[in-house]
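Morning, everyone. Please bring it up on the screen.

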Amino acid sequence: RYKVIEGILSPVNDGYGKKDLAAARHRIAMARLALQTSDWIRVDTWESEQETWTETVKVL
């Protein structure tokens with residue numbers, strides 16, 4: 001019934017506040033490396049580039 005056309009990985013902002021969370025720039029780099037061979041999943045940096053943590057519903 002549904003056709004999935006794209007997957008998006010959105011690393012959370014550094015302001016999320018989780019202990020031991022790697023810096024967003026490192027998580028983005030790791031995600032990009034992991035997804036190099038994917039033709040339908042991509043990394044979107046918008047969420048991580050915001051001034052503060054953004055609720056998931058607002059990111060979507």
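Is Asp 14 buried, partly exposed or exposed? Asp 14 is partly exposed, with a relative accessibility of 47%. Keep that residue in mind. A word of caution before we go on: this is a predicted model.

First, the layout. The chain has three helices and two strands. From the N terminus, the order is β-α-β-α-α. Along the principal axes, the C-alpha atoms fill a box of roughly 40 × 25 × 15 Å. Of the 60 residues in the chain, 23% are buried. Take the contacts with a separation of 6 or more: 56% of them join residues 24 or more positions apart.

What does the record say? An unreviewed UniProt entry places the feature "domain: Cytidyltransferase-like" at residues 4–53. That stretch is 30% helix and 12% strand. Its end C-alpha atoms are 28 Å apart.

Now the surface and the charges. The chain exposes about 5,200 Å². Carbon and sulfur atoms supply 53% of that area. There are 9 positive and 9 negative side chains. The centres of the two sets lie 5 Å apart.

Side chains of opposite charge can pair when their charged atoms come close. How many salt bridges does the count come to? The count comes to four. I will show some of them.

Back to Asp 14. Its side chain meets Arg 27 in a salt bridge, at 3.2 Å from N to O. Asp 14 sits in the loop between S1 and helix H1 (24–34), and Arg 27 is in helix H1, so the pair ties together parts 13 residues apart in sequence.

Next, Arg 42. Arg 42 forms a salt bridge with Glu 6, and the closest N and O atoms are 2.5 Å apart. This pair links distant parts of the chain, 36 residues apart. Arg 42 belongs to strand S2 (residues 41–43), and Glu 6 to the segment before strand S1 (7–9). Arg 42 is partly exposed, at 35%. Glu 6 is partly exposed too, at 39%.

Arg 42 also forms a salt bridge with Asp 44. Here the closest N and O atoms are 3.4 Å apart. Asp 44 is partly exposed, with a relative accessible area of 24%. Shared partners join Glu 6, Arg 42 and Asp 44 into one network.

That's my tour. Over to you.

Notes: Residues numbered from 1 in each chain as written. Predicted model: local features only at pLDDT ≥ 70, side-chain atom pairs only at ≥ 80, totals over all residues. Heavy atoms only, no water. Helix = DSSP H or I, 4+ residues; strand = E, 2+ residues; numbered from the N terminus. Buried < 20%, exposed > 50% of the residue type's maximum accessible area, 1.4 Å probe, protein only. UniProt positions renumbered as here; feature names shortened; annotations may be inferred. Contact = heavy atoms within 4.5 Å. Areas by Shrake-Rupley, 256 points an atom, 1.4 Å probe, with all protein chains shown as cover. Lys, Arg positive; Asp, Glu negative; His and termini not counted. Charge placed at Lys NZ, Arg CZ, Asp CG, Glu CD.
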